[in-house]
Amino acid sequence: MIFDIEVNNVSLKYKDFAALNNISFKLKGGQIYGLLGRNGAGKTSLLSLLASFRQPTAGNIKIGGETPFENADIMQHASFIYDKDYKDEWNKVSVMLKFAERYRLNFDMDYARQLVDRFKLPLNKPVNKLSKGMQSAMNVTIGLASRTPVIIFDEAYLGMDAPNREIFYKELLEEQSRQPRTMILSTHLVSEMDYLFDEVLIIDKGDLVLHKNYEDLVSSGFSITGDSNSVDTFVKGMQKLNEKELGNTKSVMVYGDLSEEMRLEGQRIGLEIGQVSLQDLFIYLTSEED
Ligand SMILES: Nc1ncnc2c1ncn2[C@@H]1O[C@H](COP(=O)(O)OP(=O)(O)OP(=O)(O)O)[C@@H](O)[C@H]1O
């Protein structure tokens, strides 16, 4: 089962505060989506609407063609993994897995146990006695082993150390190749996770400022470095994201299409043309000076 997601003119207000402004996008099922945004941009607000934790103030959401809010038929196929507060959760990890098995149609207990081993999770410890990173690893274990067609990970890695994050990313990709599903990952670890994404969405102050295929996105950003005058002439009319100057040398980051002809011309006049990373693009597309 593969579910598409549609968000149509969605706005969300908390009393008078507009957290999301008329956002629309479509996510084709079976792909991994990276959701990026600065602190307070509205990522969790958006994901909590997709998870049906609340309803939009305006607009509508469709998962698999149906409105998910209070729709158990649809929501049993979606998992929302987020930074839960477990301070009152005295149940052991093993019990939490059993709960998940009871409520999730496709929950795979064998796979969950494999993940428990890989993350070195203590099955017999109460959840509120686990470290932050272990709680995240348990959440991720439940999320992956639930095998729902839609999985939403809202900063699911919080507290996890680098080796455990690597395990998480590897398992995510392996799961995706075993059985494609619609995964959305919100993150601040842009440079660490960019290779996971098929498409990237960036929200800034409640607005969707970009939704693009990852490969297209990173091939739209260039750094042009060389003699200041030549660089200035070359980048005239292009969208400049950032520039740095040291003596006579200048490096400018530009965003947009660069034809093969232009690229060859740049090289001919001695400019160095490099690609920029998603992290660079993210920083400049959401910086305050824009
Ligand atoms: N329950 C709430 N009541 C009022 N305002 C809220 C509520 N939840 C979030 N907000 C506000 O909505 C905005 C978006 O918050 P949200 O948590 O969605 O951002 P985020 O992109 O997930 O941020 P972060 O990366 O810091 O986790 C923020 O200004 C936040 O203060």
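Me: Let's start with helices α4 and α5: how do their axes cross?
Reply: Happy to! The axes of helix α4 (residues 109-119) and α5 come within 9 Å and cross at roughly 155°. That makes α4 roughly antiparallel to α5, since angles over 145 degrees count as roughly antiparallel, under 35 as roughly parallel, 65 to 115 as roughly perpendicular and the rest as oblique. Axes here are lines fitted to C-alpha atoms, for helices over the stretch in contact, with angles from 0 to 180 degrees between N-to-C directions. Helices are DSSP runs of H or I with at least four residues, strands are E runs of at least two, and both are numbered from the N terminus.

Me: Before I go on, what kind of model is this, and how are residues numbered?
Reply: This is a predicted model, where local features need pLDDT of at least 70 and side-chain atom pairs count only at pLDDT 80 or more, while totals for chains, interfaces and linings use all residues. Numbering runs from 1 along each chain as its sequence is written.

Me: Thanks. Is the α4 and α5 crossing left-handed or right-handed?
Reply: The crossing of α4 and α5 is right-handed. By the convention used, the near helix is turned clockwise from the far one by less than a right angle in a right-handed crossing, and anticlockwise in a left-handed one.

Me: Which residues meet there?
Reply: From α4, Y111, A112, L115, V116 and F119 meet A137, T141, L144 and A145 of α5. A contact means that the C-beta atoms, placed from the backbone, lie within 7 Å. By class, this contact has 8 nonpolar, 1 polar and no charged residues. Ala, Val, Leu, Ile, Met, Phe, Trp, Tyr, Cys and Pro count as nonpolar, Asp, Glu, Lys and Arg as charged, and the others, Gly among them, as polar.

Me: And α3 with α5, are they parallel or antiparallel?
Reply: The axes of α3 (residues 93-103) and α5 (residues 132-146) cross at roughly 25° and come within 11 Å, so the two helices are roughly parallel to each other. α3 passes α5 in a right-handed crossing.

Me: Who touches whom in that one?
Reply: V93, M96, L97 and A100 in α3 meet M138, I142 and S146 in α5. The residues of that contact divide into 6 nonpolar, 1 polar and no charged.

Me: Zooming out, what are the overall numbers?
Reply: The protein has 11 helices and 13 strands. Its C-alpha trace spans about 65 × 40 × 35 Å along the principal axes. Of the 290 residues, 37% are buried. Buried means 20 or more other C-beta atoms within 10 Å of a residue's own, exposed means 12 or fewer, and partly exposed is in between, with C-beta atoms placed from the backbone. Among contacts between residues at least 6 apart in sequence, 69% join residues at least 24 apart.

Me: How is it split into domains?
Reply: The domain assignment gives domain 1 (5-214) and domain 2 (220-286). Those bounds come from an automatic or database domain assignment. The domain centres, taken over C-alpha atoms, are separated by 36 Å.

Me: How many residues are in contact between them?
Reply: 10 residues of domain 1 are in contact with 6 residues of domain 2. On the domain 1 side, α7 (190-193), β8 (199-204) and β9 (207-213) are the elements that give two or more residues. β8 gives the most, with 3 residues. By class, that side of domain 1 divides into 6 nonpolar, 1 polar and 3 charged residues.

Me: Switching topic: where is S52, and what is its phi?
Reply: S52 sits in the loop between α1 (43-50) and β4 (58-63). Its phi is near 65°, a positive value in a residue other than glycine. Most residues other than glycine have a negative phi. S52 is partly exposed, because 19 other C-beta atoms lie within 10 Å.

Me: What about N9, buried or exposed?
Reply: N9 counts as exposed, because it has 12 C-beta neighbours inside 10 Å. N9 is found in strand β1 (residues 5-14), and its phi is positive too, near 50°.

Technical notes:
Two residues are in contact if their C-beta atoms, placed from the backbone, lie within 7 Å.
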